[in-house]
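Student: Could you take me through the salt bridges in this one? I'd like a close look at that part alone.

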Amino acid sequence: MANLRRIKKACYLANRSEHEVQLLLATKTVDVERIKIAINQGVTLIGENKIQEIKQKYEGLAAIYHQKHFIGHLQSNKIKEILTYNVSCIQSLDRLSLAEKLQKRLTLENKTINAFIQVNTSAEDSKFGISPKKAIEFSKQLSDFDRINIKGLMTIGLFSSEKEKIRDCFIRLKQLQQEIITTNIPNIEMNELSMGMSGDLEIAIEEGATIIRVGTAIFGKRAYPDSYYWNENK
Ligand SMILES: *Cc1c(COP(=O)(O)O)cnc(C)c1O
């Protein structure tokens, strides 16, 4: 994977150790065979956007060691199903109603799960995530949910050719992380910052990403536009 070099270089230029930045393979639309090749090269973290795809690929990937995060919009009526597929982290927790239902279901099944709070740092309507203004309040509310282990924050940067505007999103996420840490909320860990994709991973690494989510730069262009994955009604 030639693009591992790109990540190495970005870490080097940002004066960060490669070990501080974990690569998550964004595998939407990518079939099992290609995912296996990537995992065999040593990248063991994948992220999926749709339960349907997790389901389709589940058997095929069962025998190969990997971890799976959910990075798409999670509808409440899919909670029960998602818990059957060994998803270790939900990166897109963005509303109280979802957390409540998740907590309830996890309690029933006597399970726990890791989660990141998704923040809409770009203020684009097309993207999910809690508004930055509400993120601290939301963290406090999540403190009571003992089945959900909050580990950090996730965001999708602004789609723009203006790098400084994209950078502002990542700076905002980092600031929020620091504010939440200072607020010192019980049961809320804030070590992870999931930000940066194929188009902006260098900027995200410069601004402190601990997980970058990369699809096209590794697997090539997808047949579907991303709006297919990010809009509620499609
Ligand atoms: C598809 C996707 C990515 C990866 O996007 P690329 O531009 O292909 O690297 C990252 N995060 C989320 C939430 C995605 O849906």
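Tutor: Let's begin with Glu-162 and Lys-165, which pair up in a salt bridge whose closest N and O atoms are 3.3 Å apart. Bear in mind that this is a predicted model. Glu-162 has 42% relative accessibility, so it counts as partly exposed, and Lys-165, at 41%, is partly exposed too. Not far along in the numbering, there's a network of salt bridges that links Glu-164, Arg-167, Glu-206 and Glu-207.

Glu-189 and Lys-151 meet through their side chains in a salt bridge, 3.3 Å from N to O. Glu-189 sits in strand β7 (residues 188-194) and Lys-151 in strand β6 (residues 148-154), so this contact ties together parts that are 38 residues apart in sequence. Glu-189 is partly exposed, with a relative accessible area of 39%; Lys-151, at 22% relative accessibility, is also classed as partly exposed, since the buried class is for values under 20%.

Arg-6 belongs to helix α1 (residues 3-13) and Glu-202 to helix α8 (residues 201-206), so here the parts tied together are 196 residues apart in sequence. Arg-6 is partly exposed at 24% relative accessibility, as is Glu-202 at 28%.

Methods: Residues are numbered from 1 along each chain as its sequence is written. This is a predicted model: local features need pLDDT of at least 70, side-chain atom pairs count only at pLDDT 80 or more; totals for chains, interfaces and linings use all residues. Side-chain values use heavy atoms; hydrogens and water are left out. Helices (H or I, at least four residues) and strands (E, at least two) are DSSP runs, numbered from the N terminus. Buried means under 20% relative accessible area, exposed over 50%, partly exposed in between (1.4 Å probe, protein chains only). A salt bridge is a side-chain nitrogen of Lys or Arg within 4 Å of a carboxyl oxygen of Asp or Glu.
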